[in-house]
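Here is a walk through one protein chain and its ligand. Keep the structure open and follow the elements in turn.

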Amino acid sequence: MNPTTIFARATGTGRAAIAVLRLSGPATADMLRTLCGILPEPRRASLRALRHGSDLLDHALVLWFPGPRSYTGEDGAELHLHAGPAVVEAVAEALVSLGARPAEPGEFSRRAFSNGRIDLLEAEGVADLVEAETQAQRRQALQQADGALSRLYDGWAQRLRVLLAHQEALIDFPDEDLPPEIEAALARDTALLAEEMRAHLLTGAQGERIRDGLVVAIVGPPNVGKSSLLNRLAGRDAAMVSDIAGTTRDAIEVRLVLADLPVTLIDTAGIRDSEDPLEREGVRRALRHAEHADLVLRVACPGAGMEPEPRVPDDIRVWNKTDLAPAPEGWIGVSAQTGAGLDVLRERLAAEMRRLTDLAGAAPLTRARHRAGISEALEHLDTAPHLDLPELRGEALRLAMQALGRLTGRIGVEDLLDTVFNQFCIGK
Ligand SMILES: Nc1nc2c(ncn2[C@@H]2O[C@H](COP(=O)(O)OP(=O)(O)OP(=O)(O)O)[C@@H](O)[C@H]2O)c(=O)[nH]1
Ligand SMILES: [K+]
Ligand SMILES: [Mg+2]
């Protein structure tokens, strides 16, 4: 059955000079002919009067992309319209009356996937690229959209295929004639592959941090100036500040960009023993945030607990209120009030964040889906050597290969597609 021809506005809906309507599907050529009078030259921008019946809709720049050399692999087009809502609406209505329908979120990319133009990992890279807010996210998304992860996983699947072929050759030998050197080589190569996968799983922490952002928690006793510090780092009055100990109860989150990376900075309740059930809950939440954060700013100040908690090696120790007394050895001195020392603190934070996201050039996994797939493949590889029968070892290798195949979407992913593509915006 022929797919329906779909269209969507590919550019944002705010005030703008130009709006791009994108089309894909078998009726694209007919629709262009109707609207433009003739079919424009392929892949060349041409200025056309768009008409529907006797109605002049707009003067537009028209691009015609005959399939399969198009984003979706189908016939496609772009109409660069004047961005007035009435213009876009008139052209959209004309397209609907010609038989097109508005696209679902991610439908263009889904068609590109179905037509083999991109695999699932590349599609996810495209989605991340559309969402990228920081330069580190852009670089990572571009790498994935360009197929860096796909090449890695396809390479592993290819090696597994070879191992499986050897394993199957062994099945045909009677037990007593099994060539031991082939068995040994198989076990060695399987273990080697498993090691590479284990190392790759470790890059996931960095990759997911770049994609989702890092979490930095500000923790310490009451009144040391945690909220004042949050406001300084955020550059705005996000949290209430007062000289009353216990001002902050619930955690307050602020998003910002530091060292090209997205950060969620969390201000928490001052940690102390309290009879007040609300404050106790606040303290409990503060401790939980400290535990789950990528980095913790442990704040103290003159007269308030220097060591609120046993010292954790990765924590950054911040001594606030240096306008009242200088910082002791081993603390970064700041004054949230005057702004002194804030640059040094920002630089230290940035350095720690770079350390936590350093990939040394490797393409990292970026989503829980990837982590689950690789873990599954790894489980099968780890099981294989402990299985007695060569048939069972072969089956374990096959299952590992399937887990990798689902990551790229080369096999058995129908049930997964809605989850992946619904995260896209409309028009992509
Ligand atoms: N002198 C001086 N006072 C400061 C500085 N930073 C904060 N303060 C004051 O310290 C008091 C407590 O500040 P907060 O930011 O509310 O402290 P907090 O740690 O968030 O307090 P809780 O939320 O109650 O735990 C306020 O009166 C601030 O004005 C500073 O650098 N120097
Ligand atoms: K306070
Ligand atoms: Mg506070």
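Two strands count as paired if DSSP finds at least two bridges between them. Strands themselves are DSSP runs of E, at least two residues long, numbered from the N terminus. With that in hand, look at Ile6: it stands opposite Ser24 in strand 2. The model is a predicted one.

Stay with strand 2. Strand 1 (residues 6-9) pairs with strand 2 in the antiparallel sense, over four bridges. Strand 2 also runs antiparallel to strand 5 (residues 76-82), and seven bridges join these two. Ile18 has His82 in strand 5 as its bridge partner. How many of the seven residues of strand 2 are buried? Five are, so strand 2 (residues 18-24) is largely enclosed by the rest of the structure. Buried here means that 20 or more other C-beta atoms lie within 10 Å of the residue's own.

Now step back to the domains. The domain assignment lists domain 1 (6-103), domain 2 (122-210 + 367-421) and domain 3 (214-357). Taken over C-alpha atoms, the centres of domain 2 and domain 3 are 41 Å apart. Seven residues of domain 2 and eight residues of domain 3 make the contact. On the domain 2 side, helix 5 (135-145) and helix 7 (180-212) each supply at least two residues. Helix 7 gives the most, with three residues. By class, this side of domain 2 has two nonpolar, three polar and two charged residues.

Next comes a second sheet. Strands of a sheet pair through backbone hydrogen bonds, either parallel or antiparallel. This sheet is open, has six strands in the order 8-9-7-10-11-12, and its pairing is mixed. Which strands form its edges? Strand 8 (252-258) and strand 12 (332-333) do, as each pairs on one side only. Further in, strand 10 (residues 295-300) and strand 11 (residues 316-319) pair in the parallel sense over four bridges. Leu297 stands opposite Ile316 in strand 11. Helix 8 (residues 226-234) lies across strand 7 (214-219), strand 8, strand 9 (261-267) and strand 10. Helix 8 runs at about 155 degrees to strand 9.

The ligand comes last. Which residues are closest to ligand 1? They are Gly225, Ser227, Thr248, Gly270 and Gln337, in a shell of 23 residues. That shell divides into twelve polar, seven nonpolar and four charged residues.

Key: Residues numbered from 1 in each chain as written. Chains lettered and ligands numbered in written order. Predicted model: local features only at pLDDT ≥ 70, side-chain atom pairs only at ≥ 80, totals over all residues. Near = placed C-beta within 6 Å. Nonpolar A, V, L, I, M, F, W, Y, C, P; charged D, E, K, R; others polar. Buried ≥ 20, exposed ≤ 12 C-beta atoms within 10 Å, placed from the backbone. Contact = placed C-beta atoms within 7 Å. Axes fitted to C-alpha atoms, helices over the stretch in contact; angles between N-to-C directions. Domains from an automatic or database assignment.
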